[in-house]
Each structure stands twice: as structure tokens, then as C-alpha cells.
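Keep the model open while reading.

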Amino acid sequence: MNATLRIHRPPSRGGVLATMLLVLCVHAASSSAVTLRAEVGFVGHLVGGRFAPITLTVDGLSAPLDGTLIARQTAGNAWRGTASIEFPVHSGTIRNGILRTTIPIHDDLNPIELLLHDRSGRLIAAATVEIRSRRREQPFPLYVAPARPPAGSVDPVIAPSDLPADWWGFDAVSSLWIAGPLSSAEWQTVTQWALAGGSIVVFTGADFYRIDSPAARRLLSLRQSTLTLWPDGSLALQDGDWADATVLMKRHSEPLLVRRSAGAGSVFIVTVRPSDLTDEERTSLAERLQAANIMRYDGPTADLLAQIPLTGPSHAAVVLIVVCCLSVLGLGSAIGRVRPRGAVGFVVVLSSCCAAAAGFYINRANVDSTVYRMDTIVSVQDGVRIVLFHSALFSTASRLLPASPAVGPRPLLALDPALLSGTYRLEARDGLAALTVDARTTRSLRACGVAADVYRMSVSDTVASIHGPRSERSPVMFVLIDGVAHAVGPWLGAEQVVELRAGVEIEAIELDSAAQAELLRSFAERFPLHAGAWLLVLEEDGRLESFGSTMMNVRTIVLTIVRGSGV
Amino acid sequence: MERHRSNWIEWPAFQIYFGLLLSCGICLVLAIPFADRVGDLRVSSWHFPPSAFFLVNVFFLAILGTHLGSRIERLGRIDARTGFRLAAQVALAQFLLTPYYVLARAIAPGSEGSHWLVYTYAPLAAYLCAVGSARLRRRRVLPSPDSSPVAYAVMLGYLIVPILFRLGPSWVRSFALASPLGATLRFLHPVGRWDALSGFGVVVVGIVAALFGRIQHSGRRTRV
């Protein structure tokens with residue numbers, strides 16, 4: 001009985017309070033000890049208005065934290081005007097350790113503030129990263145050890161393990177110099193960047209066997225690689241007669257520097273190791289390099305946005321309503337001379353009719369659609385996969401607008417040199433970017449990613465077999481064999497076989513819309529569609545997306561390029 | 001002549017009604033962009049402000065109110081029933097603009113709340129002008145029927161002078177809400193609860209003050 005009484009005795013208040021206090025103290029102590037350290041760019045080197053890798057070190061967490069790591073930056077200054085930028089660097093479970101990702105740098109003069117919040121929004125830790133000390137005006141060469149820059153150069157050298165995990169992390173790099181082995185994932189990232197327009201220099205020679213891997217051979221497009229001993233004692237890589245390559249420099253009448261296309265980019269193969277190059281050859285090599293030039297579609301996207309028809313009432317309809325109202329007034333006045341009370345009723349009834357007619361017309365004219373957005377998505381699959389997103393927005397009124405879900409939470413917003421002329425704010429809500437658009441101005445965003453493996457194509461001498469998903473957009477497809485386009489019939493999804501009989505030159509392709517032709521033309525200017533087998537898929541749709549009380553007129557063009565296999 | 005006098009709308013008032021409808025209609029037409037594509041709108045430097053429609057509405061309705069107020073006083077009918085009739089005439093004028101307000105969604109979508117706020121506010125301000133001008137006549141500030149230009153001058157002062165507070169420091173800018181034009185401009189932007197209450201409050205207090213004095217005066221006159 002006594003034991004029962006003891007069991008049901010309430011705990012002492014003092015004990016409960018002491019326990020709570022202890023828990024709070026421990027929690028506070030653990031929270032206050034959390035530290036954030038960050039390095040942005042390559043050994044701090046970065047370029048404003050481009051993406052840059054960020055390496056974050058989180059330390060002091062007593063347990064994995066479900067929270068959000070936010071980067072905040074105020075771009076511009078009091079003279080130029082300011083832009084408020086805020087986006088999540090990471091969201092989800094955060095643990096002690098190193099976190100690598102890629103962020104947009106909107107201004108390379110102002111510091112970036114990093115804030116770690118838990119799920120309830122409580123600030124756990126904060127850090128400020130100064131980025132101006134090693135900012136660069138132009139893209140710069142990046143050397144991956146053991147590659148080294150010339151003496152006196154300030155260009156950064158990084159370890160292979162410090163290479164960014166995302167291919168767009170190289171956005172500020174003009175050329176990437178590799179002289180040692182990389183992991184398969186690192187080769188893949190480098191290859192993705194080359195596909196998008198990057199410029200890569202790979203030293204081989206006596207070190208080739210250390211570098212050699214299937215991923216490296218894919219990037220270098222090697223077929224019959226052998227090492228040759230030159231009269232000066234250096235070992236040089238040779239690849240048959242270097243088919244599909246341009247020899248830029250020679251030594252002993254043998255290729256010393258060879259250029260091969262890799263998508264929209266270039267791979268420069270130096271057939272000897274770095275230490276076997278003379279100073280003159282090194283200087284000459286640097287002069288012959290082609291700087292990286294990532295495919296961009298800001299211009300075409302803005303042009304396509306400009307071509308979107310405006311929605312809204314016509315002037316004729318509004319004039320008609322005005323004339324009707326004036327007529328009602330005139331008739332009412334005339335009737336009022338005979339029957340004053342009846343005239344008022346007449347005016348009320350007919351005005352109501354005019355208002356109802358105006359309402360029906362306005363609903364039909366979609367006047368709520370005062371926001372226009374153009375999205376272009378270019379996706380390339382060639383062993384590795386990349387995707388480039390560009391989005392342009394236009395609004396007739398100033399407002400905060402959601403960006404396309406495709407650009408993700410960390411897009412790069414194009415900022416005008418003078419920010420005083422408008423309100424610039426970029427923030428992420430629920431994983432989606434939102435930005436301010438001033439009345440009658442255009443805002444542009446760009447983002448990069450890794451494409452999903454959507455379509456596949458295998459080609460024989462006479463037929464091409466295409467595999468892919470069903471699409472609601474009714475895609476237009478062509479099979480390109482060495483620059484000759486073969487139209488694919490209406491795509492029904494799953495699988496389709498195309499006979500490769502008569503085709504037309506790629507320049508003679510007839511597309512459904514000028515927008516598609518414009519995007520394809522821009523792409524073909526940079527990408528070697530004239531060589532090899534490619535599947536070209538164009539999808540376009542226009543739709544209305546609701547946004548609060550207004551509607552957004554959205555047009556999307558997706559260009560997918562897939563390299564065929566089996567040729 | 002008798003039939004003409006009994007008409008619900010007399011010729012001078014008809015001109016103001018007509019001017020109100022025509023001016024607002026022109027503003028509405030001009031506020032709709034003269035462009036077919038987004039690109040045309042982007043490069044077009046000429047842009048008619050959508051707020052002009054609402055300002056013209058408030059301005060012409062205030063003129064109409066002033067005219068109606070001075071006319072009713074001239075006829076000598078100054079009881080409560082006349083006050084209601086005055087209100088009905090102003091309200092009818094605003095009702096004629098209802099189709100325009102429906103179309104106004106096209107010039108500033110998403111601001112319908114502000115539009116309907118102005119739609120309600122404009123006749124109240126006009127009614128204040130009406131009872132105000134009537135009171136001026138009754139108090140012999142305007143000694144003769146031909147002196148109505150003074151009433152219009154007072155009305156213009158009421159519309160315009162408080163707006164000048166917008167040019168002053170931030171703490172005096174709220175006084176611009178005393179002007180119907182200033183209040184309208186304020187309503188058309190994202191408006192706070194207190195701004196709306198202040199704008200309407202000024203007009204309602206003015207109407208009550210003017211009406212109370214007017215009817216009381218009328219009562220004394222009747223007793224005499």
C-alpha cells in the first residue's frame with residue numbers, strides 16, 4: 001500500500017525545474033559551440049556574376065540537425081543600389097563534417113553571410129565569408145596538382161579532391177589543367193564541363209598510365225593510344241593518326257599539342273608530361289588555348305520572351321463599352337424628359353447590363369495574365385549528362401514572382417550594373433526561387449544541372465531505334481546522321497523505329513515555331529551536330545500558371561540532344 | 001418648361017455626367033497598352049499611368065457634387081429628404097462608372113481591392129463637396145447664384161492643397177489623406193488599415209459635420 005503511494009507521488013517541482021534547466025544548459029552549450037567555416041571559390045579565387053564552389057565545415061553539433069543552411073548577400077552598394085539575395089545552401093539533415101556544393105556569386109565585393117537554422121527557424125550558428133580579397137575580373141586558369149602554373153602566376157592550384165562536385169562549379173574557370181590521375185567521379189564532372197563548353201588541358205606523356213582510365217579515354221576520345229620515345233628521351237602519347245583532332249603544335253614532326261572537340265568545349269592533349277615542355281613550348285601552348293565558353297541562352301530566351309503575345313482586352317472592346325455607357329446616359333436623359341423615374345430605372349438596368357457584359361469579356365480576355373515567363377531548357381546526353389536552364393520574366397506591375405521550378409533554389413540572377421533603378425530581391429521559398437520583377441522590366445535567371453536520362457537511341461546503317469517516355473508536349477524529333485536530319489513521326493512513347501532513307505540538311509529542317517528554330521540555331525552554332533549520330537528532340541508548350549490572384553503566362557521550350565550508339 | 005425642370009438630370013449636370021464618363025473612358029482606353037507582344041511593351045517609352053482613371057473619376061465626381069449642391073441650395077430645398085436625393089444623384093453617377101471599374105481589372109490586375117475602395121470612396125468625397133457647397137451658399141459665403149465659381153475654387157483647394165503635404169517630411173505626409181486625390185493615390189498602392197480608415201474617416205466626419213449643421217440650420221429656418 002505504501003509502495004503504491006510512493007509510485008503515484010508526483011515528482012517534486014524543484015527536481016523537474018532542475019532537470020529542465022540542466023537540459024537547457026546542455027542544449028545551449030552545445031548550440032553555442034557549433035561553428036561554421038567556409039571557403040568560397042578556388043583557394044578564394046572567384047568571379048562575380050558566376051557560380052563558384054563552396055566548401056563548408058560544420059563542427060560542434062552534438063547530434064545530426066534537421067535544418068537549413070542559408071547564404072545571404074547584399075549585392076551592390078549605396079551608389080549603385082542594392083540587391084538582396086538569399087538562398088538555401090543546404091536543406092535537410094546537417095552533420096559535422098565537410099559539405100561541398102555550388103552557389104551563385106552575385107557580387108564579389110560584398111561578404112556572404114552563412115546562417116544555420118534549425119527546422120523551427122532558430123539560429124544555431126553564423127559565419128561571414130569575405131570574398132573580395134581574391135576576386136578576379138575575368139575567368140582564370142585552374143591547375144589541378146601536380147599541374148603547376150608558370151612561375152610568377154597567381155592562378156590557383158588545387159588538389160584533385162578539391163575539385164567541385166558540380167560541373168557548373170567551374171563557371172569562373174577559363175581553362176582547367178590536369179596532369180595527374182582523377183577519380184571516375186572527378187573525370188565525369190570535368191567531362192560534363194567540357195560538354196557544356198569548357199576548356200581542358202591534359203598532360204600525358206610518361207604520366208599517361210597514371211592518368212589512363214575509361215573515363216579519361218572517353219574525354220580524350222583515345223582509340224589507339226601508344227607511347228613513343230622521342231629522340232630527346234621524352235615519352236610522348238600518340239593516338240594513331242589523331243583522327244577528328246587538330247594538331248596545334250609539333251616536336252620532331254610529331255604532334256605535341258592536339259585539340260579535340262568535346263561537345264561545345266575543347267580538350268587540349270599535350271602529348272608529353274609538364275616537365276618535358278620547354279619554356280617556349282609552354283608559352284606557345286598558352287597562346288594556342290581556347291578559353292572556356294559555356295553555352296548560354298540568355299539572349300535567345302529574352303528574345304523568345306519578347307515574342308510572347310500580350311493577353312488582355314482590345315481597345316475596340318473598351319471603346320465599345322465606353323460608347324455604350326455614354327449612350328445609356330444620353331438615352332436616360334432623353335427618357336427623363338418624359339418619365340423622370342422610369343429614366344433612372346432604365347439607366348440602372350442598362351448600366352448593370354454593361355457591367356455584366358464587361359465582366360464576361362474581361363474573364364474571356366485573360367486580363368489576369370500580366371506576368372510572362374519564358375523558360376528554355378537545353379539538355380545534352382553524351383556519355384555524361386548536362387542541362388542548362390534559362391528563364392526570363394516580365395511583369396506589367398512590380399511584384400515578387402516565383403521562378404521556374406526547373407531553375408531550382410540557387411539560380412544566378414542577372415543584375416543590372418545600376419541597381420538603383422529597381423527593387424532586386426532573390427529568395428527561396430519552399431525550395432523554389434522567388435524574385436522581384438519591377439513593372440515593365442525583364443529579369444533573367446540561369447541555372448545548371450545534370451539531366452535525367454530520358455531518351456536513348458541506337459543506330460544501324462538503315463534504321464534508328466528510339467526509346468523514351470510518353471510526353472504530353474507532342475515532341476518534334478529528328479535523327480541526325482552526320483548533319484543529315486531524318487524526321488521521326490508522331491511520338492507515341494516507349495519505342496519507335498525510324499528508317500534512315502531520305503533526309504535533309506540540318507539547316508533545312510522545318511520546325512513548328514520560330515522559337516524552336518531560334519533555339520536550335522543558337523545551339524547548332526556551338527555544338528558539333530554535323531558529326532556523328534544524334535537524336536534531337538524539341539518540345540514546346542504554353543500554359544497559364546496561377547499565382548495568387550493573377551495568372552502567369554508561361555512558355556517553355558525544351559531541346560534535348562542525345563548521342564546515338566552503335567554507329 | 002415644367003417637364004424639363006422635373007427631369008432627373010438637367011443640362012449643366014448632364015454635361016458634367018458626360019464629361020465624367022468620357023474622361024474616365026478615355027483614361028481607361030489609354031491605360032491599356034498599345035502593344036501586341038511583350039517585346040513591344042518592353043521597348044515602349046510611353047506609358048499612361050493607370051491611376052489617372054481613378055483620379056479623373058474622383059475629380060469629376062467632386063465637380064458634379066459641387067454643382068448638385070449649389071443647385072439644390074438654389075432651389076431652396078434643404079431638408080433631410082433633399083440630402084438623400086443628393087446622395088442618390090452622386091451614387092447614380094458613380095454607378096454609371098461600374099462597367100469601367102470592371103474593365104479596370106485589365107489595367108491593374110490583382111488590385112481589385114484598391115479599385116473597389118476608390119469606387120466607394122469617390123462618391124463619399126463627392127457628397128462632401130455637395131453638402132459643403134450647399135452649406136457655403138446657405139451661410140451666404142456665396143451671396144448669389146452666380147458666385148458658384150467660388151464654390152468650385154473651394155472644392156479645388158480641398159482637392160489639391162492637402163496633397164502638398166506629400167512634399168513635406170514623412171511625419172506630415174499623412175495629412176495628404178485629407179485630399180480625395182491624395183487619398184486615392186494612397187489607396188491605389190498597398191494600403192494599410194489605418195490609411196484606409198483615415199481617408200474614409202476624414203470624409204465621413206466632414207459629411208456628418210456639414211449635414212448636421214445643414215439640417216439643424218434648416219430646422220431653425222423652418223421654425224422661423
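Helix α9 (residues 340–364) of chain A packs against helix α5 (residues 80–96) of chain B at an angle of about 30 degrees, with the axes 9 Å apart. That angle makes α9(A) roughly parallel to α5(B), since angles under 35 degrees count as roughly parallel, over 145 as roughly antiparallel, 65 to 115 as roughly perpendicular and the rest as oblique. This is a predicted model: local features need pLDDT of at least 70, side-chain atom pairs count only at pLDDT 80 or more, and totals for chains, interfaces and linings use all residues. Residues are numbered from 1 along each chain as its sequence is written, while chains are lettered from A and ligands numbered from 1 in the order in which they are written.

**The helix pair**
- α9(A) passes α5(B) in a left-handed crossing (the near helix is turned anticlockwise from the far one by less than a right angle).
- On α9(A), the contact uses Val344(A), Val347(A), Val348(A) and Ser351(A).
- On α5(B), Leu92(B), Phe95(B) and Leu96(B) make the contact.
- Contact here requires C-beta atoms, placed from the backbone, within 7 Å.
- Six of the contact residues are nonpolar, one is polar and none is charged.

**The chain interface**
- 36 residues of chain B are in contact with 41 residues of chain A.
- On chain B, the elements that give two or more residues to this side are α1 (2–5), α2 (11–31), α3 (38–43), α5 and α6 (98–103).
- α2(B) gives the largest share, eight residues.
- By class, this side of chain B has 23 nonpolar, eight polar and five charged residues.

**The nonpolar cores**
- A nonpolar core is a set of buried Ala, Val, Leu, Ile, Met, Phe, Trp, Tyr and Cys residues joined through C-beta atoms within 7 Å.
- The largest one has 145 residues, and Ile178(A) and Leu535(A) touch the most other members.
- Strand β33 (residues 550–563) of chain A gives the most to this core, with eight residues.
- Another core, of 74 residues, lies apart from it and includes Ile362(A), Ile32(B), Ala93(B) and Leu181(B).
- Leaving aside neighbours within four places in sequence, Ile178(A) is in contact with Val144(A), Ala147(A), Ile200(A), Val201(A) and Val202(A).

**A loop glycine**
- Gly532(A) sits in the loop between α10 (514–526) and β32 (533–547) of chain A.
- Gly532(A) is partly exposed, with 16 other C-beta atoms within 10 Å (20 or more is buried, 12 or fewer exposed, in between partly exposed).
- Gly532(A) and Ser565(A) are 33 residues apart in sequence and 9.5 Å apart in space, C-alpha to C-alpha.

Methods
Axes are lines fitted to C-alpha atoms, for helices over the stretch in contact, and angles run from 0 to 180 degrees between N-to-C directions. Helices (H or I, at least four residues) and strands (E, at least two) are DSSP runs, numbered from the N terminus. Two residues are in contact if their C-beta atoms, placed from the backbone, lie within 7 Å. Ala, Val, Leu, Ile, Met, Phe, Trp, Tyr, Cys and Pro count as nonpolar, Asp, Glu, Lys and Arg as charged, and the others, Gly among them, as polar.
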